[in-house]
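Subject: Model for you to look over

Hi,

Here is the structure I promised. Please open it beside the notes below.

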Amino acid sequence: MSKILSVKGLNVEVENRSLISNLSFDIYSNSLTCVTGENGVGKTTLIKTLLKDYHQKDHVDFKIKRNQIKYIPQFRNIDDDYALSIKNFIGLGLQNKFLPWLSMKERRQIDAIIQSTDLSKIKKEPLGKASGGEQQRVYFAQALASQPRLLIMDETTASLDKYAKVDLLKLVKSIIKKNHLAVMFITHDPGLVQQFGDYNLHIADHRGTMNRIGGQD
Ligand SMILES: Nc1ncnc2c1ncn2[C@@H]1O[C@H](COP(=O)(O)OP(=O)(O)OP(=O)(O)O)[C@@H](O)[C@H]1O
């Protein structure tokens with residue numbers, strides 16, 4: 001396990017209103033850190049602050065490059081008519097892409113991601129026709145195409161049923177292990193935290209506390 005991010009004495013504010021004071025925690029590779037707390041405590045604002053303060057080393061010290069951090073937002077505007085195939089959508093996640101088509105190396109990389117995220121059977125289907133759980137798996141796969149070392153998932157499971165939630169988290173855990181990835185996962189689901197979290201960064205009363213949990217592999 002190597003350190004990916006060190007946060008020390010960070011104050012998280014919005015429009016001069018303090019949300020979290022004197023926050024300190026570390027994020028390591030090979031681990032899933034759940035970020036929990038009531039609505040409005042400042043979880044999303046914390047993530048925005050970390051990304052905004054990337055170059056400011058006093059309180060937020062990333063050990064990785066900015067382009068090795070990937071954020072998967074909670075909502076996307078994908079409607080039923082969205083016609084791009086799942087494979088091409090995942091390809092959009094490739095970094096430093098100059099050509100409009102995929103090189104042989106990129107094609108192999110995308111094929112490996114499709115296989116590891118169990119999307120082979122539906123890779124030619126339009127993304128708009130995929131189920132909610134499949135779409136979340138595709139967003140995760142697209143994020144992997146940029147070969148991140150830290151992945152931030154913002155309530156990615158919120159719209160899924162309990163089986164799809166567990167399936168997605170099992171997949172995330174297996175990729176964490178395989179790619180030595182660090183994941184920060186904002187969630188309101190205590191069952192998922194207990195079952196899959198390695199750490200829980202819990203925010204309440206303007207304070208953040210990091211606890212070790214030790215979720216399943
Ligand atoms: N740009 C902004 N300007 C003013 N207030 C904001 C802004 N962004 C967020 N806030 C306020 O800051 C507080 C924290 O918001 P934030 O979205 O970070 O909470 P959260 O913990 O992620 O909540 P949830 O679990 O509901 O998503 C809220 O009271 C919100 O209204």
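The buried residues of α4 are E134, Q135, Q136, R137, V138, Y139, F140, A141, Q142, A143 and L144. Buried means that 20 or more other C-beta atoms lie within 10 Å of the residue's own; exposed means 12 or fewer, partly exposed is in between, and C-beta atoms are placed from the backbone. That makes eleven of the 13 residues in α4, so the helix is mostly covered. Helices (H or I, at least four residues) and strands (E, at least two) are DSSP runs, numbered from the N terminus.

Two notes on the source. This is a predicted model, in which local features need pLDDT of at least 70, side-chain atom pairs count only at pLDDT 80 or more, and totals for chains, interfaces and linings use all residues. Residues are numbered from 1 along each chain as its sequence is written.

Confidence next. pLDDT is the predictor's confidence in each residue, from 0 to 100. The chain has a mean pLDDT of 91, with 97% of its residues at 70 or more. For the complex, the predictor gives an ipTM of 0.95 and a pTM of 0.92.

Back to α4. What covers its buried residues? The cover includes β5 (69–72), α2 (86–91), α3 (104–116), β6 (150–154) and α5 (162–179). The length of α4 (residues 132–144) agrees with expectation, because 13 residues at 1.5 Å a residue should span 18 Å and the end C-alpha atoms are 19 Å apart. The expected span is 1.5 Å times one less than the number of residues.

The core. A nonpolar core is a set of buried Ala, Val, Leu, Ile, Met, Phe, Trp, Tyr and Cys residues joined through C-beta atoms within 7 Å. The largest one has 51 residues. I90, V138, A141, L150, V183 and F185 have the most contacts inside it. Helix α4 gives this core its largest share, six residues. Two residues are in contact if their C-beta atoms, placed from the backbone, lie within 7 Å. Leaving out residues up to four places away in sequence, L150 touches I4, L5, I27, I64, Q68, I69 and A182.

G132 and L160. G132 belongs to helix α4, yet G132 is exposed, with 12 other C-beta atoms within 10 Å. Beyond four places in sequence, G132 touches S159, L160 and A164. G132 and Q115 are 17 residues apart along the chain, and their C-alpha atoms are separated by 19 Å. L160 sits in the loop between β6 and α5. L160 counts as partly exposed, because 19 C-beta neighbours lie inside 10 Å. Its contacts, neighbours within four places aside, are G132, G133, Q136, K165 and L168. L160 and S131 are 29 residues apart in sequence and 9.6 Å apart in space, C-alpha to C-alpha.

The ligand. Which residues are around it? They are V14, E15, L19, G37, N39, G40, V41, G42, K43, T44 and T45. The shell divides into three nonpolar, six polar and two charged residues. Here Ala, Val, Leu, Ile, Met, Phe, Trp, Tyr, Cys and Pro count as nonpolar, Asp, Glu, Lys and Arg as charged, and the others, Gly among them, as polar. N39 lies in the loop between β3 (31–36) and α1. N39 is exposed, with 6 other C-beta atoms within 10 Å. N39 and E106 are 67 residues apart in sequence and 40 Å apart in space, C-alpha to C-alpha.

Backbone checks. N16 has a positive phi of about 65° although it is not a glycine. N16 is in the loop between β1 (3–14) and β2 (17–28), and N16 is exposed, with 5 other C-beta atoms within 10 Å. H180, also not a glycine, has a positive phi of about 55°. H180 is in the loop between α5 and β7 (182–186). With 15 C-beta neighbours inside 10 Å, H180 is partly exposed.

Last, F25. F25 is in strand β2. F25 is partly exposed, with 16 other C-beta atoms within 10 Å. Residues up to four places away aside, F25 touches V7, L201, G208 and M210.

Best wishes

Definitions and conventions:
A residue is near a molecule or strand if its C-beta atom, placed from the backbone, lies within 6 Å of it.
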